[in-house]
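Open the model in a viewer and follow the stops below. Each one gives a selection and then what is found there.

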Amino acid sequence: MIARLDAAPKVTGQAKYAVDHNFPGMAYGYVVLSTIANGELAAMEVTAARHTPGVLGVYTPFEPLELRTPISQMLGEGWVPLQDKEIAYYGQPIGFVVAETFEAARDAAALIEVSYTERPALTSFAEGLATAEDAKTGPRGAPSLSVLAEGVESIEDALAASEVTVDATYETASQNHAAMEPHSAVAVWNADGLTVYTGNQGSHGPADELAQALNIEHSAVHVVNPYVGGAFGGKGATSTPAFLAAAAARNIGRPVKAALTREQVFTATATRPATVQRVSLGARNDGTLVAVRHDSWSSTPMSRSFIEPTSHGTSREWYATENLAISQKAVPLNIPPTTFMRAPGEAPGSFALESAVDELAVALNMDPIGLRKRNNSAAPPGEDLQWSSKHLDECFDIGAARFGWSERTPGGRVDGDWLVGLGTATAMFPGLRFPATVGITLRADDTAVVATSGADPGTGLLTVLSLIGAESLDISPEQVTPRLGDSALPPGGTSGGSTATASAGSATMVAASTVIDELLRLASSPGGPFDGRETAYADGRVFADGRVFADGESMTFGEVLRAMERISLTATGSTAPGEERTKHSFGSWGAQFCEVRVHRLTREIRVSRLLGVFDAGRIINPTAARSQLLGGMIWGVSAALHEGLDVEANGRFANADLAGYLVPVNADIPEIDTHLVEYPDTLLSNVGARGLGEISIVGVAAAIANAVYNATGIRLRRIPMMLEDLLED
Amino acid sequence: MRPFELSTPATLEAAMDTGGTFLAGGTTLVDLMKLDVLTPRRITDINALPLYGIDTGDGLRIGALERMSEVAAHPGVYPMISRALLLSASQQLRNMASIGGNLLQRTRCGYFRDVTMPCNKRDPGSGCSAIGGANRMHAILGSSRHCVATHASDVAVPLVALDAQLRLRGAEGERTVRLADFYRLPGDTPEVENVLRQGELITEVIVPRLDWAAWSTYVKVRDRQSYEFALCSAAVALDVAGGVIVDARVAVGGVATAPWRLAGVEAALRGEPVARASFEAAAAIAGHGTEPLSQNGFKVSLVKRTIVRALLELTEGGSR
């Protein structure tokens with residue numbers, strides 16, 4: 001077992017998260033939120049707040065902190081608080097109070113009297129469907145797309161001509177990332193500029209956004225986040241507390257700390273959209289898919305910040321079919337911003353598609369695994385680029401044997417008072433990578449530093465950097481100090497899209513090869529220990545005469561540096577996605593298996609067994625990999641049975657705290673089995689890993705719904721599934 | 001949380017004199033102070049008062065400051081009390097929360113807990129947000145047009161089934177009140193939840209002896225397996241002779257504005273054979289007089305099912 005390098009500091013409380021940083025003279029900020037969902041601020045009476053003892057500043061759209069709208073390369077146009085009086089959702093940041101203590105700031109905030117010019121709010125997704133619009137063309141292409149076999153006029157024709165069809169509509173709830181660490185920041189200005197301690201998914205993005213927002217040089221902003229208490233897509237953009245703390249700290253000339261309360265996190269950040277999805281499948285009697293239609297609607301805020309690409313994330317690629325039609329609509333509502341959340345598109349999309357595939361298996365009277373294997377795709381429908389490395393059938397075979405799938409009967413079984421059912425589903429997540437630069441420094445004490453600006457929000461990247469760094473430098477991981485979470489480091493390793501290992505890993509390999517080349521050049525240069533001789537590198541040593549063998553004349557890299565009176569030698573390596581994307585399609589795959597128990601009287605749904613078998617390329621750290629898989633699968637249980645934001649007519653979230661927004665407790669989670677088939681995918685990147693942060697949530701909700709059907713004969717098409725959905729009277 | 005004055009009296013008399021809000025385990029008071037729902041200026045920490053001890057000599061006498069975990073673990077406690085306690089909250093909370101404080105815990109209604117929202121219980125006359133709002137967790141029994149909030153305690157459910165009494169101590173002396181009479185339904189004054197007078201303190205919980213309650217259980221149905229309040233719960237005890245029910249106690253939680261004893265169900269069980277059909281027929285009575293809201297109609301079915309499940313688990317030892 002490879003221990004996580006950050007495990008000990010985290011479990012012993014030594015790890016310093018953003019708000020653990022304290023500075024002399026530091027003040028505390030408290031964010032004020034709107035209590036209407038649509039309208040305009042008419043007035044904010046702040047006199048009482050301003051006169052509260054200890055209050056240092058009260059900022060509102062009437063007396064704002066100056067912030068400019070930043071534009072980020074990855075996220076597009078951002079949003080900065082307090083710059084206008086428009087209210088577009090309930091819980092929108094509209095004020096910021098800074099005081100000597102948190103309590104003083106919060107109590108003063110409570111004294112602010114807000115009056116609004118209110119407009120009718122559209123908050124109901126069901127009602128908003130009537131005014132749905134085409135989603136914007138995004139990174140996954142145009143909102144609508146179809147692939148039709150020769151001679152087929154329309155997807156309707158293809159479905160009509162199918163021997164067996166299923167057609168159903170599925171719903172998934174809006175969710176919040178609910179990371180343990182709330183969005184927070186500590187901002188400190190000094191002669192060199194601004195330092196902001198704030199949890200995020202990669203320090204480079206927020207540093208850039210803060211520089212733009214505050215209208216200062218990029219080089220004057222330093223963002224630090226060595227530890228992040230969970231992100232999951234919700235900490236990609238710079239948070240409201242970070243913008244406000246930085247601007248207020250400049251205004252009052254003192255460091256400012258600001259954190260959202262748990263309740264505020266639900267609205268003052270961003271959420272996963274709710275979706276409605278209609279899936280129609282047409283097949284031949286032998287189970288061959290001939291038509292797939294998947295129409296999706298995603299809730300989105302009035303700013304259209306993000307839509308959940310459920311059709312594009314699943315039906316576009318998963319199964320071989322001659323005829324395919326997908327569409328994506330956006331439903332603008334007066335709701336908080338939407339954004340990426342673990343497997344955006346794939347997670348809710350797979351609930352619909354993989355439930356529909358199960359419904360088709362029932363209609364065909366076929367084994368659901370057999371049906372999936374029959375329609376395995378070699379490439380996305382209508383595309384020539386074949387999957388670089390796909391072993392989904394093997395995942396199903398291994399899973400079926402491990403899980404005892406052959407014991408399954410169409411009507412489930414009964415165990416005492418419990419109805420027991422088994423379900424399965426496919427999981428998939430695209431194989432991606434981002435541009436990344438990694439710096440490697442060889443030091444005279446025979447250690448090395450591997451550094452990039454990205455984040456390890458619990459994913460294990462820090463340990464992965466040390467492992468890939470050690471392997472690439474041919475030294476032991478103990479000799480490697482990995483560094484992350486600092487915008488002063490080379491830009492790379494952003495946590496997102498399950499890309500960090502492939503991106504930062506391959507850049508590490510390039511950096512290692514570069515620094516070794518420079519080391520060899522140095523060693524054989526004039527005045528070097530191997531002046532004028534050929535050199536070779538192995539085992540952390542430079543060998544003379546280009547020959548590597550035991551007892552050969554050699555020096556460690558530290559000895560070389562010491563001989564040349566160098567403290568260190570640094571090189572960077574950069575990689576980016578490139579021509580591989582013109583040769584293959586890339587994706588990780590998996591097979592989810594689930595056993596549920598439903599009480600025959602009171603109808604609670606409890607998951608009693610879970611197995612996930614995944615094909616995610618090369619695995620760098622098996623311990624951390626399993627941990628990632630467990631987290632995702634548990635989250636899938638959560639999505640299926642617990643999580644869902646309850647939007648009221650006035651736009652308020654009825655359950656915006658962890659007492660109302662349920663996530664599973666230990667007692668809800670059974671023993672979970674995971675297995676990885678390990679086929680390095682060196683067509684994607686030289687490191688061979690495809691990443692597995694997101695894939696393991698995909699398909700879990702469908703596997704559970706399919707198991708509920710197996711147990712009860714009742715098909716549930718909405719998550720989270722509640723016990724009342726199974727009460728028949 | 002707002003500043004407050006704290007006193008820590010050592011005697012009941014001294015505690016009475018402080019005029020402060022009583023603090024025992026703090027699991028409700030501190031929580032609601034953080035949310036600004038309760039803003040006491042003076043707090044009286046009563047943990048040093050001599051209100052401890054569990055006496056099982058004749059029936060059960062439980063000092064009001066005994067922790068939930070201590071009561072649950074006591075061998076002389078009827079099973080349905082013990083189970084109700086163990087299915088409550090988390091171990092950490094059970095280690096802190098007192099039995100007296102448990103009975104006084106406030107509702108979990110989300111509108112009560114959000115000071116920006118109207119709530120007649122928190123701010124009389126401001127209106128009830130739950131009636132037209134998120135009310136899946138709310139009451140179908142005992143509600144009024146002013147309040148539909150459920151009573152959140154688990155252990156109060158078996159305690160009303162067992163006809164428990166409370167010893168109360170106030171400036172005017174001591175008195176004993178049946179727990180069933182202690183709670184007040186919301187009616188026109190949802191802010192008044194019980195008959196406690198200003199400055200009065202629960203000192204003891206008394207459970208009358210009922211030997212056949214040794215055969216009792218508590219079933220809790222909820223949205224997750226632990227650490228969640230009941231959608232519906234049922235405490236049941238049966239006195240059976242020769243396969244026939246001689247007497248029964250049945251109370252339900254999670255569905256009413258107070259712990260809800262079902263005398264009609266108890267009466268319907270008496271004289272009937274121990275059989276699923278008897279249970280179902282009696283449980284049907286639990287649906288009488290229910291007033292479901294827009295999101296909790298399922299509780300009408302669930303309450304009957306939960307009673308049947310509890311009776312079956314008691315008599316057949318059904319699996320959990």
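Start with the pair formed by domain 1 of chain A and domain 2 of chain A: about 1,100 Å² is buried between them, and carbon and sulfur atoms give 60% of that area. Buried area here is the accessible area (1.4 Å probe) that two parts lose on being put together, summed over both. Within domain 1 of chain A, select Ile620(A), Asn686(A) and Val687(A), which lose the most area to domain 2 of chain A, together 38% of what that side buries.

This is a predicted model, in which local features need pLDDT of at least 70, side-chain atom pairs count only at pLDDT 80 or more, and totals for chains, interfaces and linings use all residues. Residues are numbered from 1 along each chain as its sequence is written, chains are lettered from A and ligands numbered from 1 in the order in which they are written, and side-chain values use heavy atoms, with hydrogens and water left out.

In contact (heavy atoms within 4.5 Å) are 14 residues from domain 1 of chain A and 16 residues from domain 2 of chain A.

Next, show the side chains of Arg618(A) and Glu471(A), which meet in a salt bridge at 2.6 Å, N to O. The rule asks for a side-chain nitrogen of Lys or Arg within 4 Å of a carboxyl oxygen of Asp or Glu, and it finds one such bridge across this domain interface.

Now display both chains. The area buried between chain A and chain B is about 2,900 Å², with 47% from carbon and sulfur atoms. Three salt bridges cross this interface. Helix H3 (residues 102–109) of chain A gives the largest share of the chain A side that touches chain B, three residues. Helices (H or I, at least four residues) and strands (E, at least two) are DSSP runs, numbered from the N terminus.

Last, select helix H6 (residues 204–214) of chain A. Its buried residues include Pro206(A), Leu210(A) and Leu214(A), where buried means under 20% relative accessible area (1.4 Å probe, protein chains only). Among the elements covering the buried residues of H6(A) are strand E13 (184–190) and helix H7 (240–252) of chain A. Just after H6(A), Asn215(A) has a positive phi of about 60 degrees.

Notes. Buried means under 20% relative accessible area, exposed over 50%, partly exposed in between (1.4 Å probe, protein chains only).
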